[in-house]
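Here is a structure for a reader who has not seen it before. How do its computed values lead to the words used for it?

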Amino acid sequence: MSEIKDNSKVYYWIKLKTDFFESDAIDFLLSQEDGCKYVTLYIKLCTMTSNTDGVLASKIGDMLIPYSVEKIARDTKFFSADTVRVALELFQNLRLIVVSENNVMQIANYKAMIGSETEWAQKKRLYREKKQKSLPEKSSKKETLSEDKQEDISVDKKRTLSDKRLESRVKSLESREKSLEKSVSSQKLDSDDVSKRKSNGDGLTDWTDCFVKPSISEIVDYIQEHNLNVDAKKFWKHYESTGWKTGNDPIRDWKGLLKKWSKAEREEDNPGIGAIQLDEKFYAEPVQMSEEQLHSELVQLRKKLKSGEL
C-alpha cells in the first residue's frame with residue numbers, strides 16, 4: 001500500500017529587517033528594566049499568530065475569543081502575567097499592537113512580517129535549488145552568454161548612435177558644400193557681368209549688354225513715383241525709333257534721361273520772367289546734334305546768359 005502524502009501543509013515564518021533592533025520602538029523597549037523580556041515576548045507573539053493574520057484571538061465556531069493576559073502567559077510559558085500585562089500596554093503605546101473595535105489585539109503591519117509556503121511549493125523550491133547546484137558550469141555559461149549578449153546589444157546601440165551622428169554630420173557637410181557652390185556660382189555671375197563691362201579699345205566702358213529696354217508701364221510707374229512731367233508713350237516711341245540711342249551712342253540710363261526730359265518740359269512750360277531771347281548768331285551754322293546734346297547745349301547757354309558771360 002502506497003503512502004499518501006499530504007502536500008497541503010503550509011509553513012509560516014516571520015521576517016525581521018536587519019535594522020529591527022535599531023528601530024525606535026525596539027530601542028525604547030530594550031532601554032527598560034525588563035526590555036529583553038518585552039522584545040522576546042513580542043517576537044514570540046509574532047510567531048504564535050503567523051497563521052492567524054497576526055490576530056491575538058482564538059476562533060471557536062463563529063466566535064472570536066481574544067487572548068487574555070493569563071492565556072498569553074500560559075502559552076508563552078516563560079513570562080509572568082505581570083510581565084505580559086506591562087508588555088502589552090507598551091506594545092499598544094508604541095503601535096506594535098493595535099486593538100480593534102471588538103477589543104481584539106492584532107500585530108501591526110503583520111503582512112510585511114509574515115511569509116508562508118505550502119509543502120509542495122517547498123519541495124519544488126528545494127528541487128530547483130538542488131538542480132541549480134548540480135549544474136554550476138552550464139548556468140555560468142548561460143550567464144556569460146547573457147552578459148555577452150547584453151554587451152553586444154549595448155555596443156550595437158552605441159554604434160547605431162554613432163552612425164546616426166556620422167550621418168547627420170555628413171548631411172550637414174553636404175548642405176554646407178551646396179551653399180558654398182551657390183555662393184561661388186553667384187560670384188562667378190557677378191564676375192561675368194564685370195567682364196562684360198570691361199573697357200573697349202578706346203578706353204570707354206561698354207554698357208551695351210547692361211542696358212535693358214523699359215516697357216511703357218515701367219516708364220509710367222517711374223514717372224508717377226518721381227512726379228515727372230513727361231509723356232510716357234511719347235518718350236518710349238521716340239527712343240524705340242532711334243534704337244534706344246542718343247545720336248550714335250547707346251542709352252546707358254533711361255531713368256536719368258527721363259528726368260532730363262521732365263526738366264526740359266517744365267522749362268518750356270515756365271520760361272520765367274525776363275527770359276533772354278537768343279541772337280541769330282547762335283544758329284548761323286547748322287550742327288548735327290542729338291536731342292540730348294541739344295538739350296544740354298541749351299541748358300549751358302541759359303546758364304551763361306543768366307551769369308552775364310554772354
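This is a predicted model: local features need pLDDT of at least 70, side-chain atom pairs count only at pLDDT 80 or more; totals for chains, interfaces and linings use all residues.

Q: What makes up the chain in terms of helices and strands?
A: The chain holds ten helices and eight strands.

Q: Why is Ile 60 called exposed?
A: Ile 60 has a relative accessible area of 52%. Exposed means over 50%, so Ile 60, at 52%, counts as exposed. Ile 60 belongs to strand E2, which covers residues 55–60.

Q: What makes the nonpolar surface patch of about 290 Å²?
A: Ile 60, Met 63 and Ile 65 make this patch. A residue in a patch must have over 30% relative accessible area; Ile 60, at 52%, is therefore above that cut-off.

Q: How do you know how helix H3 and helix H4 are placed?
A: Two packed helices are described by the angle between their axes and the distance between the axes. For H3 (residues 69–76) and H4 (residues 81–93), the axes come within 9 Å and cross at roughly 115 degrees. The crossing of H3 past H4 is right-handed. On the H3 side, Val 69, Glu 70, Ile 72 and Ala 73 make the contact, and on the H4 side Ala 81, Val 84, Arg 85 and Leu 88.

Q: How many of the 310 residues count as buried?
A: The share is 21%. Buried means under 20% relative accessible area, so 21% of the 310 residues fall under that cut-off.

Notes
Residues are numbered from 1 along each chain as its sequence is written. Side-chain values use heavy atoms; hydrogens and water are left out. Patches are made of residues with over 30% relative accessible area and no salt bridge: like charges are joined within 9 Å, nonpolar side chains (Val, Leu, Ile, Met, Phe, Trp, Tyr) within 5 Å. Accessible areas come from the Shrake-Rupley method with a 1.4 Å probe; for residues, only the protein chains shown count as cover. A salt bridge is a side-chain nitrogen of Lys or Arg within 4 Å of a carboxyl oxygen of Asp or Glu. Helices (H or I, at least four residues) and strands (E, at least two) are DSSP runs, numbered from the N terminus. Buried means under 20% relative accessible area, exposed over 50%, partly exposed in between (1.4 Å probe, protein chains only). Axes are lines fitted to C-alpha atoms, for helices over the stretch in contact, and angles run from 0 to 180 degrees between N-to-C directions. A crossing is left-handed if the near helix is turned anticlockwise from the far one by less than a right angle, and right-handed if clockwise. Contact means heavy atoms within 4.5 Å.
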